[in-house]
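Here is a short briefing on one protein model. Take a look at the structure first, then read the points below.

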Amino acid sequence: MDKEFNLDTMTDEYVDVLRELGNIGAGNAMTALAQLLNCKVDMQVPQVRLLEFKDVGSLIGGEEQIMAGIYLAVSGDITGSIMFLLDQESAKHLACKLMGMEMTEGGFGEMELSALMEIGNIITGAYLNSLAAITNLKIVPSPPAICIDMAGAILSVPAIEFGTIGDRILLIQSQFMDEIELDGYFIMVPDIESYGKILSSLGMA
């Protein structure tokens with residue numbers, strides 16, 4: 001891949017390839033979620049966007065919305081990070097469902113946070129595994145970290161890393177439902193060399 005490759009000059013063809021990778025990854029993640037919860041999970045076709053990082057907060061409901069974020073660093077043949085975001089009510093619903101408990105009012109207890117981290121770990125793992133299988137690249141996720149905070153505060157973590165890369169980011173919005181409709185967001189932040197490796201692995205160099 002050309003060393004001058006950058007997100008600002010990415011062609012529509014490259015964007016379409018990344019979009020398709022996002023679709024496949026999100027589909028595998030929702031399959032893993034259905035298996036984890038032992039229930040049917042329906043998913044609409046994910047919306048995949050390559051957009052400016054500063055626009056992410058407003059797209060996911062506003063920077064002041066309280067959300068749960070599960071964050072993993074990525075190493076191996078590609079480096080960067082991946083984050084899965086859910087609004088607070090959706091996150092609580094999934095955590096309680098995994099534990100077989102009724103939803104309660106208030107914040108997250110230790111057991112709910114642990115359940116949520118497990119959910120995030122499994123579905124981001126499924127997403128990355130599908131990416132690794134398609135590209136034949138080695139992708140190693142770190143242990144997950146979880147944060148319950150305003151979206152703007154959660155997004156500041158990859159924003160700090162992303163500041164050295166450029167100003168565009170791959171956002172995958174997955175609308176899915178079991179008993180209730182949920183909005184989940186995957187934010188994939190490969191470094192600029194990793195974008196090149198991903199596209200090269202698919203014969204697009």
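Leu202 lies in the segment that follows helix α6 (192-201). Helices here are DSSP runs of H or I with at least four residues, strands are runs of E with at least two, and both are numbered from the N terminus. The model is predicted, so local features need pLDDT of at least 70 and side-chain atom pairs count only at pLDDT 80 or more, while totals for chains, interfaces and linings use all residues. Residues are numbered from 1 along each chain as its sequence is written, and side-chain values use heavy atoms, with hydrogens and water left out.

**Surface patch**

- Leu202 is partly exposed, at 31% relative accessible area. Buried means under 20%, exposed means over 50%, and partly exposed is in between (1.4 Å probe, protein chains only).

**Whole chain**

- The protein chain has six helices and eight strands. Their order along the sequence is α-β-β-α-β-β-α-α-β-β-α-β-β-α.
- Of the 205 residues in the protein chain, 46% are buried.
- The protein chain exposes about 9600 Å², and carbon and sulfur atoms supply 50% of that area. Areas come from the Shrake-Rupley method with a 1.4 Å probe; for residues, only the protein chains shown count as cover.
- Take contacts (heavy atoms within 4.5 Å) between residues at least 6 apart in sequence: 72% join residues at least 24 apart.

**Aromatic rings**

- How many aromatic pairs does a search of the whole structure find? There are two. Rings of Phe, Tyr and Trp (its six-membered ring) pair if their centres lie within 6.5 Å; planes under 30 degrees apart are stacked, over 60 edge-to-face, and the rest tilted.
- Phe84 and Phe186 make a tilted pair, 4.8 Å centre to centre with 45 degrees between the planes. Phe84 is in strand β4 (residues 80-87) and Phe186 in strand β8 (residues 181-190), so this pair ties together parts 102 residues apart in sequence.
- Phe84 is buried at 1% relative accessibility, and Phe186 is buried at 0%.
- Tyr127 and Phe186 are stacked, because their ring centres are 5.0 Å apart and their planes are at 25 degrees.
- Phe84, Tyr127 and Phe186 form one aromatic cluster.
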